[in-house]
Amino acid sequence: MLKYILKRILQSILILIGVSMIIYFLIRLMPVDFIQSKIDAMNQGGATVSQETVDNMYAMYGLGDNSFGGILKGYFSWLGALFQFDLGTSFVHATPVADVIVEHMGVSFAVALIATIFEFMIAIPLGITAATHQYSLRDYVVTILVMVGISLPSFFFGQILKDLLAMKLGWFPSSGLIDATTVKEGFAKTLDQLWHMVIPILTIVILSIGPRMRMTRTNMLEVMNSDYIRTARAKGLKEKTVINKHAFRNTMIPLVTSMAGLLPSLFSGAIITEQVFGLPGIGNVALDAMNRGDIPFIMGYNMFLALLSVLGVLLADLMYGIVDPRVKLE
């Protein structure tokens, strides 16, 4: 086991270095130039910016030399900072990228974590009941509802829920994270924030249970037709025991595979949903950084997600040995 973990960690380091190269060279080719936008704003404000000042600004941010050698030098300088856990300083926020991520990540993480918990609690039982009652009315109803959820875009469905539950019925706040009309502290503030998250979480849950439910249903149907399931039934075991103890355990293997992308999804933010409901999450910040050409933040944020993706895959591989004793990690 230890040998396997060390081998995978070395592979992960090589993968992250390759990802860093792709991110850096792609970002350097971005058509949006933060420095030029800043200079244009200064010119529109009546200030006269000399070419020497422009060159100094590009040099200060490490963007002055666009030759191949200059780009390579900039890459290795940025890579060296990464090994020291320095993601750089954001152009827009004028603070370290890591601090910006930590500041705005909490909202996105809370929404994604709660939505993921409800997604698994709803999707897996639905998938099991649809598989164990194949071609029944229950199976058809679940499948139709799931297909409707899959077909709806998040911005469209989110706006429908917002209009119905917030605008017309007035049950929940329509946007934002806090009530600006009152000042709340402590537990009351936390409850207010959770109340503002209800519709965004509901949107994500309804739209995300479809793929998980279909995966569970498909895998359960495959497992239910296996020889060892027929043997378990022939031994006189209760149907509940056959499904929960024997069938569902083997269904967990594909679910573990899908969980490899769960870790980065908890921290990446739901950009469209955050836009619709005006949440100050990391997805909103990342979109704004992309539009404004905040190169250090974009590179640092994407490397952060790449690291989480590699860790997610590693954890998923280790979990195979837990859910399936036949898997040997060597």
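Gly158 lies in helix H7, residues 154–168, of a predicted model. The protein chain has 14 helices and zero strands, and along the sequence it reads α-α-α-α-α-α-α-α-α-α-α-α-α-α. Of its 330 residues, 39% count as buried. Among the contacts in the protein chain with a separation of 6 or more, 73% are between residues 24 or more positions apart.

- Gly158 is buried, because its relative accessible area is 0% and the cut-off for burial is under 20%.
- Leaving aside neighbours within four places in sequence, Gly158 is in contact with Thr203, Val276 and Phe277.
- Gly158 and Ile272 are separated by 114 residues in sequence, while their C-alpha atoms are 9.2 Å apart in space.

**Nonpolar cores**

- The largest nonpolar core has 33 residues, and Trp78, Ile101, Phe297, Met299 and Tyr301 have the most contacts inside it.
- At least two residues of this core come from each of helix H1 (2–28), helix H4 (68–83), helix H5 (97–132), helix H11 (262–268), H13 and helix H14 (295–323).
- H14 gives the most to this core, with 10 residues.
- Another core, of 23 residues, lies apart from the largest one; Val142, Phe157, Phe277 and Leu279 are among its members.
- Phe297, one of the residues with the most contacts inside the largest core, is in contact with Ser90, Val97, Val100, Ile101, Ile282, Val285, Ala286 and Ala289, leaving aside neighbours within four places in sequence.
- In soluble globular proteins, nonpolar side chains tend to be buried together.

**Packing of H1 and H4**

- The axes of H1 and H4 are 11 Å apart and form an angle of about 130°.
- H1 is therefore oblique to H4, and the crossing of the two helices is right-handed.
- On the H1 side, the contact is made by Ile17, Ser20, Met21, Tyr24, Phe25 and Arg28.
- On the H4 side, the contact is made by Ile71, Leu72, Gly74, Tyr75, Trp78 and Leu79.
- Ser20, whose place is in helix H1, counts as buried because its relative accessibility is 1%.
- Leaving aside neighbours within four places in sequence, Ser20 is in contact with Tyr75, Trp78, Leu79 and Met303.

**Packing of H6 and H8**

- Helix H6 (residues 137–151) and helix H8 (residues 186–224) pack at an angle of about 135°, and their axes are 8 Å apart.
- H6 and H8 are therefore oblique to each other, and H6 passes H8 in a left-handed crossing.
- From H6, the residues that meet H8 are Asp139, Val142, Thr143, Val146, Met147, Gly149 and Ile150.
- Their partners in H8 are Ile206, Leu207, Gly210, Pro211, Met213, Arg214 and Arg217.

**Asn284 in H13**

- Asn284 is placed in helix H13, which covers residues 282–291.
- At 17% relative accessibility, Asn284 counts as buried, because the cut-off is under 20%.
- A polar atom of the Asn284 side chain lies 2.8 Å from the backbone oxygen of Leu279.
- Leaving aside neighbours within four places in sequence, Asn284 is in contact with Glu274, Gln275, Gly278 and Leu279.

**Phe85 in the loop between H4 and H5**

- Phe85 is placed in the loop between H4 and H5.
- Phe85 counts as exposed because its relative accessibility is 77%, and exposed means over 50%.
- The phi of Phe85 is positive, about 60°, although Phe85 is not a glycine.
- Most residues other than glycine have a negative phi.

**Phe248 in H10**

- Phe248 lies in helix H10, residues 239–258.
- Not counting residues up to four places away in sequence, Phe248 touches Ile124, Ile128, Met220, Ile243 and Leu255.
- Phe248 and Val223 are 25 residues apart in sequence, and the distance in space from C-alpha to C-alpha is 8.2 Å.

Terms used:
Residues numbered from 1 in each chain as written. Predicted model: local features only at pLDDT ≥ 70, side-chain atom pairs only at ≥ 80, totals over all residues. Heavy atoms only, no water. Helix = DSSP H or I, 4+ residues; strand = E, 2+ residues; numbered from the N terminus. Buried < 20%, exposed > 50% of the residue type's maximum accessible area, 1.4 Å probe, protein only. Polar contact = N/O pair within 3.5 Å; in protein donor to acceptor, adjacent residues only side chain to side chain. Contact = heavy atoms within 4.5 Å. Core = buried A, V, L, I, M, F, W, Y, C linked by side-chain atoms within 4.5 Å. Axes fitted to C-alpha atoms, helices over the stretch in contact; angles between N-to-C directions. Parallel < 35°, antiparallel > 145°, perpendicular 65-115°, else oblique. Left-handed = near helix turned anticlockwise from the far one by under 90°.
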